2 protein chains.
Amino acid sequence: MRWLSAEEQRIWRGFMTAVTTFSEHLDRQLQRDAGMPMAYYEILVALSETPGRALRMSELAMMCHSSRSRLSHAVAKLEKEGWVVRRACPSDRRGSIAELTDEGFAVLEAAAPGHVTTVREHLFDVLTPEQLRALDGISRAISAGLSTECDRARAEVPEF
Amino acid sequence: MRWLSAEEQRIWRGFMTAVTTFSEHLDRQLQRDAGMPMAYYEILVALSETPGRALRMSELAMMCHSSRSRLSHAVAKLEKEGWVVRRACPSDRRGSIAELTDEGFAVLEAAAPGHVTTVREHLFDVLTPEQLRALDGISRAISAGLSTECDRARAEVPEF
DNA sequence: GCATCCTGGTTGAGAGTTCAACCATCGCGT
DNA sequence: ACGCGATGGTTGAACTCTCAACCAGGATGC
């Protein structure tokens, strides 16, 4: 087993610090200005970008990179707020469809500018175009490394 | 107010996806193999690296970039597990000192290899040396952008 | 000495996440 | 038609985090 060098540790810790501080900052901003955490904001965004502003729970879960359970709890809360409604799926009786309400859309419209401004201010404004290009590549590489993980797991299943 | 371009959105979402998937993966690995979330692991690491394996709560909070409240809850749990003990601070009667127990150290030693391996596998193994250098700069820039935020807030306080 | 403010730390309630268990339905093979 | 494994989704309990309230002890000013 290979440990991390001092240099690797520095990079690793710096990365985690930056990322967690950043996302805590974003979460706090959204919670303060829009009364919801970022995970819930993402749900509203995903719905708002879909034609019909409605999606099946499982598709919504994929879009938000969320577990079914998490999404179910979250949508329950959003429904209680009146920002989303759930209705049955006509083609599959198991299914359930979440739809963004007009009020939910209005809330999202009100929340978006502050959120986008925060993202721009702390990400795009502090990085050079070159760093942004690098970040793009880094994100892809990390994501690819994680999804091949899943593939490997899937490949381990006998008779697959 | 300036919206994000399509390209910026792509980078932004890709970045968040990579980061959240990655840290969820790490959290799950630690939870499964060591029975604790990453935040708690970080606490044990910070203590283990301090001479005497003990730190005041406030210093520990800074090291872990954690709020006092979060740390207090976390250390309470770690104490219940027997991995940490709390004792009074001799120089400041308000203070409280968290100390890593031998059992806590043993648990940490057992957990470390799996954690390091996961980090290496999904971060250092998937990035080129050039990307790692870029990541270092990016992390610094983001962290700097967030701390100047605090400075500005501090500067806004009247008579400061 | 004492009033006042600040700092260190804890606590409790409320919100969000995780995990495993669960139910209903679908799809497929026979 | 029937059995059966896979899928879609929900639920409850345990856990973690956040936020605000709080208490105790230091520090400063008079």
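Me: A sugar or linking oxygen of DNA strand D is 3.5 Å from the side chain of which residue of chain B?
Reply: This is a predicted model, and the distances discussed here are computed from its atoms. In that model an N or O atom in the side chain of the residue in question lies 3.5 Å from a sugar or linking oxygen of DNA strand D, and the residue is Tyr40(B).

Me: Which residues come closest to DNA strand D, and how many surround it?
Reply: The closest residues are drawn from both chains, with Ser58(A), His73(A) and Arg94(A) on one side of the list and Ser69(B) and Arg70(B) on the other. Of the atoms of DNA strand D that come within 4 Å of the protein, sugar and phosphate account for 68%. The number of residues surrounding DNA strand D is 22.

Me: How many charged residues does the surface near DNA strand D have?
Reply: Helix H3 (57-63) and helix H4 (68-81) of chain A, together with helix H2 (38-48) and helix H4 (68-81) of chain B, each supply at least two residues of this surface. Divided by class, the surface has 4 nonpolar and 8 polar residues, and the number of charged residues is 10.

Me: Which residues come nearest to DNA strand C, and what share of its atoms within 4 Å of the protein is sugar and phosphate?
Reply: Among the 22 residues around DNA strand C, those that come nearest are Ser69(A), Arg70(A), Ser58(B), His73(B) and Arg94(B). Of the atoms of DNA strand C that come within 4 Å of the protein, the share belonging to sugar and phosphate is 69%.

Me: Which residue in S3(A) does Ala88(A) stand opposite?
Reply: In chain A, strand S1 (residues 54-56) and strand S3 (residues 96-100) pair in the antiparallel sense over 3 bridges, and Ala54(A) stands opposite Glu99(A) in S3(A). Strand S2 (residues 84-88) of chain A also runs antiparallel to S3(A), to which 5 bridges join it. In S3(A), the residue opposite Ala88(A) is Ser96(A).

Me: Which residue is the bridge partner of Leu55(B) in S3(B)?
Reply: In chain B, 3 bridges join strand S1 (residues 54-56) to strand S3 (residues 96-100), and the two run antiparallel. The bridge partner of Leu55(B) in S3(B) is Ala98(B).

Me: What axis relates the two copies?
Reply: Chain B can be laid on chain A by a turn of 180° and a shift of 0.0 Å along the axis, with an RMSD of 0.1 Å. The two copies are therefore related as by a two-fold rotation axis.

Me: Which three residues supply 12% of the area that chain B buries against chain A?
Reply: In this pair, 55 residues of chain B are in contact with 55 residues of chain A, and the area buried between the chains is about 5000 Å², of which carbon and sulfur atoms give 70%. The three residues that supply 12% of the area buried by chain B, more than any other three, are Trp12(B), Arg120(B) and Leu146(B).

Terms used. Residues are numbered from 1 along each chain as its sequence is written. Chains are lettered from A and ligands numbered from 1 in the order in which they are written. This is a predicted model: local features need pLDDT of at least 70, side-chain atom pairs count only at pLDDT 80 or more; totals for chains, interfaces and linings use all residues. Side-chain values use heavy atoms; hydrogens and water are left out. A residue is near a molecule or strand if one of its heavy atoms lies within 4 Å of it. A polar contact is a pair of N or O atoms within 3.5 Å; within protein, one must be able to donate a hydrogen and the other to accept it, and residues adjacent in sequence count only if both atoms are side-chain atoms. Helices (H or I, at least four residues) and strands (E, at least two) are DSSP runs, numbered from the N terminus. Ala, Val, Leu, Ile, Met, Phe, Trp, Tyr, Cys and Pro count as nonpolar, Asp, Glu, Lys and Arg as charged, and the others, Gly among them, as polar. Two strands pair if DSSP finds at least two bridges between them. Copies are superposed by least squares on the C-alpha atoms of residues with pLDDT of at least 70 in both. Contact means heavy atoms within 4.5 Å. Buried area is the accessible area (1.4 Å probe) that two parts lose on being put together, summed over both.
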